[in-house]
Amino acid sequence: MNAIDEMAVNTIRFLAVDAVEKAGSGHPGLPMGGAATGYTLWTQHLKHCPEAPDWADRDRFVLSAGHGSMLLYALLHLFGYGLSLEEIKSFRQWGSRTPGHPEFGHTPGVETTTGPLGQGFGNAVGMAIAERRLAEEFNRPGYPLVDHHTYVYAGDGCMMEGISSEAASLAGHLKLGKLICLYDDNSISIDGSTDIAFTEDVGKRFEAYGWQVLRVDEGNRVEMISEAISEARQETGRPSLIMVRTEIGYGSPGKQGTAGVHGAPLGSEEIVETKNNLSWPLEPDFYVPPEVYEHFSGFKETLKARKEEWDALLSDYRQEYPDLGERWDSWFSGQVPDKLIADQRVWDFGDQSLATRAASGQVMQVLAEFLPNMIGGSADLNSSTKTGLKQFSDFQAGNPGGSNIHFGVREHAMGAILSGLCLHGGLRPFCSTFLVFFDYMKPAVRLAAMMGLPVVYVYTHDSIAVGEDGPTHQPVEQLSHLRSIPNMHVLRPADGKETAAAWLHALQRRCGPTALVLSRQKLPQLEGSGKEALKGGYIIHREKDGNPDLIIIASGSEVDPALKATRELEDKGYSVRVVSMVSRELFLAQDEDYKEEILPSAITKRLIVEAALPVGWESFACSEGKVIGLDDFGASAPGPVVMEKRGFTVENLVRQAEAVLA
Ligand SMILES: Cc1ncc(C[n+]2csc(CCOP(=O)(O)OP(=O)(O)O)c2C)c(N)n1
């Protein structure tokens, strides 16, 4: 390693050491051990432009081992991403741009939020799929508009998590040749040596997935790392894993190679030892030698020129292919055309009984005509979730222009891949599975909500009405789990028109994910349903006299029995209003006047009906109200029988309503 490389690598190490020390918490070990890997990638291979961190054709860098955030922050600082030394000094402090783990949207140059190990790996696979799909759509001879790599930096923890196996298996199957994983192979995690729990041959595992596996035995050797990255880049027919042998906490005489340096400050004495050991000045803290700043500013022009070359390419491309230029803009814009909302086919279901999953499938075919950048699929449940798009072909290694993705039975990876597809830009990702298996993808959904990603989750088979498959397949608590995630919109439509509204809301929403919760069983088309559903809750049946004795609030499949019960109650002389609550979050976001109009606070006799855990309905129920929900798992029997046994019958609703009215 030449002198300036060594100085730069040590700068990264000591920025991490000093930042963690000052914060009193954090993870110095990874940046110290992986500094040379990060430095080599960013200086010799990564196509990026600090002045345009969002440039569409940049290489993507994902720090899946998010606890090593200081590695990324140090690089962003040195490359001039606008992350000042003051920010580095405020590592992990309130209001800083250097939070404990990298947060998307918070720090320029951070491609995704990472920390829960393995998630970033899944995101990276999604980004690589997006690159492949968009390259096929837009590239023309002489115009490689989309031509970049996705690099993911992963540690032992990422490799231990099941999600990386799921995602790597799919990446291998799809032959994602521009995906490169740098594996920080240091054999240390929190509890000590990985020997205590992780003795598999990771290389063989990845070979079996269909990856090229390369090894760098000396993780401080810039030339060796660079050679391996070059070799990985030359392999275009399969993804590459570079196993870089590193030593956690490299340079610290007392802690190097031990778990002690994984997640705690070195301590002032050990810092002195370490600085002496690597011939680093003891003072000042956060020292960046002027030569190092100069060295990094030397990359600036080349990086900028590359971006400008691409700008010129795009501009020539627009001249030569004006239609494709327009398509590019529309794919990257995220707009929903007005024509789509006005298209009657979206709203027309006649009077046929239809499961809302089937209605969703029908609506999606029309949506895809207007939004050809929709991409997604299911975790091996297309025939049940109805999310296959007929006008698209399958996305496969040999058919990268396809848009139906077969995720396989890999819900967790599917969630993270979906986020990666979205983070990449240019596409509108959706995915589907049974609502009960939302549990299998929850960690990825949580991060999507945190990042504000406009992805769509289609969750079908939404209640105990699933029937014969029994309690393992009947969601009870999943609805409240979903609703409990901040920034998540959950819509449970009652019929075809409400399903159409739910999809439109999902597509128009640009600041967070939407879950569509759909029935397996057929539901009738309801009188009075429609675009009002876009407000989350609306009056689907208005009382005759404008002065209801009772308001019934129901969602999804329970709206129909609520309406039927209302007819009986009206025959008995009661005045009843029915509110279809498609989405609580959406309704609560409406203005006060609207909410008061739909649910007047003076009407405190209320009945709430939803075949799920009755969490979060308290404020809707008011003092005199009652919630009919579920407080136990379902049972294996035909759906209507399970619903009847658990009280979701017209008869019981009438009885319960009368109890409230009394
Ligand atoms: C899903 C998840 N589980 C647990 C943790 C807590 N955790 C953070 S780092 C870590 C150990 C990771 O080891 P490794 O990837 O080898 O990192 P290194 O020790 O090399 O820094 C654990 C268990 C986490 N961040 N995410």
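Predicted model: local features only at pLDDT ≥ 70, side-chain atom pairs only at ≥ 80, totals over all residues.
1. Cysteine 622 sits in the loop between α24 (618-621) and β20 (626-628). Its phi is positive, at about 60 degrees, although the residue is not a glycine. With a relative accessibility of 26%, cysteine 622 counts as partly exposed.

2. Phenylalanine 286 belongs to the loop between α10 and α11. Its relative accessibility is 5%, so phenylalanine 286 counts as buried.

3. The loop between α10 and α11 also holds proline 284. The peptide bond that leads from glutamate 283 to proline 284 is cis, and its omega is near -10 degrees.

4. Which residue pairs with lysine 275 in a salt bridge? The partner is aspartate 285, with an N to O distance of 3.9 Å. Lysine 275 lies in helix α10 (residues 268-277), whereas aspartate 285 lies in the loop between α10 and α11 (290-320); the pair is 10 residues apart and links distant parts of the chain. Lysine 275 has a relative accessibility of 1% and so counts as buried, while aspartate 285 is partly exposed, with a relative accessible area of 44%.

5. Another salt bridge joins glutamate 543 and arginine 577, whose closest N and O atoms are 2.9 Å apart. Glutamate 543 is in the loop between β16 (537-541) and β17 (550-554), and arginine 577 is in strand β18 (residues 576-581); the pair therefore ties together parts that are 34 residues apart in sequence. Both ends are buried: glutamate 543 at 4% relative accessibility and arginine 577 with a relative accessible area of 5%.

6. Aspartate 560 and lysine 564 form a salt bridge within a helix, and their closest N and O atoms are 2.8 Å apart. The two residues are four places apart in helix α21 (residues 559-571), which means that about one helical turn separates them. Aspartate 560 is buried, with a relative accessible area of 15%, whereas lysine 564 is partly exposed at 36%. Elsewhere, salt bridges with shared partners join Asp18, Lys275 and Asp285 into one network. The count for the model comes to 29 salt bridges.

7. Aspartate 495 presents another case: this residue is buried yet has no salt bridge. The nearest side chain of opposite charge is that of lysine 497, 5.5 Å away. Aspartate 495 lies in the loop between β13 (489-491) and α20 (496-508). What does its side chain reach at 3.0 Å? The answer is the backbone nitrogen of glutamate 498. The backbone nitrogen of lysine 497 also lies 3.3 Å from a polar atom of the aspartate 495 side chain. Not counting residues up to four places away in sequence, aspartate 495 touches Thr356, Pro524, Gln525, Leu526 and Ser529.

8. Leucine 661 is placed in helix α26 (residues 650-661). With 14% relative accessibility, leucine 661 counts as buried, because the limit for that class is under 20%. Apart from its neighbours within four places in sequence, leucine 661 is in contact with Asp549, Leu550, Leu569, Tyr574 and Lys605.

9. The largest pocket has a volume of about 580 Å³. Of the 31 residues that line this pocket, Asp54, Phe104, Cys422, Leu423 and Gly425 are the closest to its centre. At least two lining residues come from each of α12 (322-333), α17 (411-424) and β11 (428-434).

10. How many cavities of 30 Å³ or more are counted? There are two. The largest cavity has a volume of about 80 Å³. Its lining consists of Trp42, Leu46, His48, Pro53, Arg58, Asp59, Phe61, Leu76, Tyr81, Gly109 and Glu111.

Key:
Residues numbered from 1 in each chain as written. Heavy atoms only, no water. Buried < 20%, exposed > 50% of the residue type's maximum accessible area, 1.4 Å probe, protein only. Lys, Arg positive; Asp, Glu negative; His and termini not counted. Salt bridge = Lys/Arg side-chain N within 4 Å of Asp/Glu carboxyl O. Polar contact = N/O pair within 3.5 Å; in protein donor to acceptor, adjacent residues only side chain to side chain. Contact = heavy atoms within 4.5 Å. 1 Å grid on protein atoms, 1.4 Å probe; cavity = no way out; pocket = protein on both sides within 12 Å on 5 of 7 lines; lining within 4 Å. Points joined across faces, edges and corners; volume = space filled by probe spheres on them.
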